[in-house]
Amino acid sequence: MRFLCTSSTASSVVLAAALASAQVLTWDQAYQRATADLQKLTQNEKIGMVTGVKWQGGPCVGNTYAPQSIPYPSLCLQDGPLSIRFANPVTVFPAGINAGATWDRELIRSRGAAMSAEAKGLGVNVQLGPALGALGKIPSGGRNWEGFSSDPYLMGIATAETIQGMQGSGVQACAKHFLLNEQEHNRETISSNADDRTVHELYLWPFYDAVKANVASVMCSYNKINGTWACENDRLLNGLLKGELGFKGTLLSDWNAQHSTVLSANAGLDMSMPGSDFNTPPGSIYWGQNLATAIASGSVPQARLDDMVTRILAGWYLTGQDKGHPPVAFSSWNGGAASVNVTTPAHGDLARTIARDSIILLKNQNQALPLGKPASLAVIGSDAIVNPNGANACADRGCNVGTLAQGWGSGTAEFPYLVAPLSAIQEKLAGTGTKIVTSTTDDAAAGAEAARAAETAIVFINSDAGEGYITVENHVGDRNNLDPWHNGNALVQAVARTNRPTIVVIHSVGPILLETILAEPNVVAIVWAGLPGQESGHALTDVLFGDTAPSGKLPYTIGKTEADYGARWTTELVDSFAEGLFIDYRHFDQAGIAPRYEFGFGLSYTTFEYSTLAVAVNVIPGPTTGETIVGGPSDLFTTVGTISAYIRNSGIVTGAEVAQLYLGYPDSAPSTPPKQLRGFSKIKLVPGQSGQAVFELRRRDLSYWDVGKQKWVVPTGTFKVFVGSSSRDIRLTGTLTV
């Protein structure tokens with residue numbers, strides 16, 4: 001049996017290509033060019049550029065007005081966060097939550113670079129992603145899977161890497177949705193009422209990273225923030241995003257998330273999402289002639305319009321789109337067939353690598369995995385095959401039939417192909433003599449019959465979610481519960497009770513409850529495969545049969561009951577965010593609740609030893625003092641030292657370990673979670689090899705938000721230092737005194 005170290009060849013190829021065409025202008029340079037163009041535009045052209053054209057008024061989901069006075073095109077704005085919606089062929093990469101589960105900075109950046117290399121090839125100017133506005137405080141939240149983690153630090157790092165990859169490929173990234181867009185139920189009417197500290201330390205945290213990474217645009221969300229619509233919330237847009245974070249790019253609305261003319265303009269909105277006229281009332285009526293009238297009356301200053309246009313132009317220049325950016329090569333409205341093929345073998349390899357390295361091994365009793373070459377194997381469950389009507393049979397993936405590789409909604413794409421688990425297993429075992437018995441429905445009796453005809457059984461189950469404009473099996477975007485779909489528990493029970501060793505493979509948008517499954521003694525292994533994209537089956541067989549040791553780690557917590565999380569979506573019109581800072585593992589730790597599988601957990605086929613904790617940090621306590629630059633106060637991201645540890649592969653096969661750093665804050669920082677992720681390092685090691693995990697600390701990583709001072713403050717006292725393999729598997733401890 002062979003074990004290969006996690007390969008980064010595909011990611012390195014993609015990343016090198018992106019870096020070769022990386023952003024070459026600074027914001028100041030982009031603004032200089034934009035300001036020069038501004039002088040040439042007529043008032044009507046300016047109004048047109050910020051208003052856009054009607055729904056289906058161009059080939060993309062959003063199309064801006066093209067002025068005649070300057071050589072500037074109609075911008076193409078297109079979803080989405082894992083590929084290009086409506087276009088084909090494109091590479092369908094693993095979802096954001098899988099990218100987060102790799103905990104691999106290079107892979108995450110390469111994913112962004114590859115997505116946007118294809119987007120650029122299709123003529124897309126603004127790719128509407130990454131998604132970071134649903135942090136995932138609600139485990140059943142419909143769009144959590146589009147983002148990277150329920151932890152703001154991991155979400156922030158993954159966001160920045162993605163943006164740098166995307167914009168390095170010459171496409172404007174759009175960080176969405178700003179802010180507190182945590183559920184799909186009533187998303188267009190609900191008010192998210194969160195306190196200032198919670199906003200800063202959790203939900204705003206990854207947007208700091210996005211702005212610091214020079215994101216060209218940000219999309220405001222549907223919901224209200226403390227009673228005011230997000231897209232006309234002066235405190236949110238002018239105060240936090242453009243003021244405190246120093247954002248210089250374009251702030252645009254979601255479709256029909258704009259509710260006013262004067263308020264939205266003066267609050268900081270720069271672009272009404274083009275095509276916001278497809279619902280009633282049509283969103284774009286708020287600008288156009290209405291905006292022109294408001295400016296003429298003095299209700300909106302001329303300088304505000306000029307600032308809108310300057311920001312829009314600056315993002316175009318920042319990403320080099322004034323030099324040879326291709327024309328749009330597809331139409332969203334005719335089936336999406338592209339006139340060019342932007343997919344590459346390297347992108348397919350990268351999709352497989354990300355999917356493989358995001359697989360999380362939750363249970364492996366008596367080394368049930370890897371499988372090797374079994375004499376007979378039962379493959380059970382509808383999730384093992386592609387939807388019989390085709391992988392793209394349901395618009396925006398709005399059904400759960402066959403194997404689950406994306407959630408549903410606007411953040412999806414058309415599969416060029418989808419490798420099902422069963423197909424990949426058959427391919428892998430071809431010529432080995434292994435007998436494969438199948439039952440590709442979710443009928444428990446049929447599954448049990450198949451299991452009895454084999455020595456080992458693999459059961460595939462799933463759980464889906466998505467955007468609220470589609471309802472799937474009575475789930476209105478958000479999941480109704482955390483149980484597996486299609487009676488998955490009963491299917492596993494029936495198979496396991498045949499007394500065959502049973503391996504459970506889970507494709508899921510987020511946590512599901514595993515207590516029923518774990519109660520079966522014959523369930524010997526659980527493999528968490530998430531939403532793996534087009535190379536699903538190949539990535540899975542790489543791990544199941546031992547070509548690669550699993551190295552994914554949970555980007556969220558799996559609890560024993562849904563109540564353990566302390567947060568659930570509401571049907572009320574106000575979410576009070578009563579849990580404050582204590583979401584996901586912070587809540588479990590604070591409340592003393594034992595999770596089933598903690599945040600950061602993931603097994604390997606090898607073992608790792610930790611040693612030699614070293615702390616070398618020198619920071620002056622107190623508030624930030626630097627002037628505001630892009631990303632916030634100039635000293636906020638200053639490196640203040642490192643914490644390091646040595647990791648040794650003490651097993652007999654090659655593998656990769658994600659070493660994690662958590663900090664516990666001093667008592668002088670009031671009401672702070674017991675520990676918070678503040679660093680991670682993925683190290684690939686052959687047997688017997690040691691490597692050093694180095695966690696670089698920024699001033700922000702030691703700070704909390706002081707509501708009274710309205711500053712990030714490094715508290716005085718002693719920090720607790722925890723380094724380990726997960727949030728609860730702590731191998732080394734120390735202290736840091738400030």
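Cysteine 394 and cysteine 399 are joined by a disulfide, with the sulfurs 2.0 Å apart (a disulfide being a pair of cysteine sulfur atoms within 2.5 Å). This is a predicted model, so local features need pLDDT of at least 70 and side-chain atom pairs count only at pLDDT 80 or more, while totals for chains, interfaces and linings use all residues. Residues are numbered from 1 along each chain as its sequence is written, and side-chain values use heavy atoms, with hydrogens and water left out.

On confidence: pLDDT is the predictor's confidence in each residue, from 0 to 100. The protein chain has a mean of 96, with 97% of its residues at 70 or more. Among the elements, helix α1 (residues 9–20) has the lowest mean pLDDT at 70, and β10 has the highest at 99. Over residues 1–7 the value stays under 50.

Back to the sulfurs. A search of the whole structure turns up three disulfides:

| Disulfide | S to S | Torsion about S-S and hand |
|---|---|---|
| cysteine 60 – cysteine 76 | 2.0 Å | about -100 degrees, left-handed |
| cysteine 220 – cysteine 231 | 2.0 Å | 110 degrees, right-handed |
| cysteine 394 – cysteine 399 | 2.0 Å | about 90 degrees, right-handed |

In sequence order, the bonded cysteines pair 1-2, 3-4, 5-6. Cysteine 174 is in no disulfide, and the nearest cysteine sulfur, that of cysteine 220, is 9.3 Å away. Cysteine 174 counts as buried, at 0% relative accessibility. (Buried means under 20% relative accessible area, exposed over 50% and partly exposed in between, with a 1.4 Å probe and protein chains only.) Cysteine 60 and cysteine 76 are both buried, and so are cysteine 220 and cysteine 231.

Now the secondary structure, where helices (H or I, at least four residues) and strands (E, at least two) are DSSP runs numbered from the N terminus. Seven of the eight residues of helix α8 (residues 205–212) are buried, so this helix is largely enclosed by the rest of the structure. Among those buried residues are Trp205, Pro206 and Ala210. Just after α8, asparagine 214 takes a positive phi of about 70 degrees. Pro206 and Ala210 turn up again as contacts of threonine 159, along with Pro130, Leu132 and Phe148, leaving aside neighbours within four places in sequence (contact means heavy atoms within 4.5 Å). Threonine 159 lies in helix α6 (residues 152–168) and is buried, with a relative accessible area of 0%.

Next, a sheet. Six strands form an open, mixed sheet in the order β10-β15-β14-β13-β11-β12. β10 (360–364) and β12 (435–439) are at the edges with a single partner strand each, so one side of each has no neighbour in the sheet. From one strand to the next, the twist averages 15 degrees. Strands pair if DSSP finds at least two bridges between them; β14 (residues 502–508) and β15 (residues 523–528) do so in the parallel sense over five bridges. Isoleucine 503 has alanine 525 in β15 as its bridge partner.

Further along, β27 (residues 718–724) and β28 (residues 730–737) pair in the antiparallel sense over seven bridges, and a hairpin of five residues joins β27 to β28. Threonine 718 has threonine 737 in β28 as its bridge partner.

How values were computed: Axes are lines fitted to C-alpha atoms, for helices over the stretch in contact, and angles run from 0 to 180 degrees between N-to-C directions.
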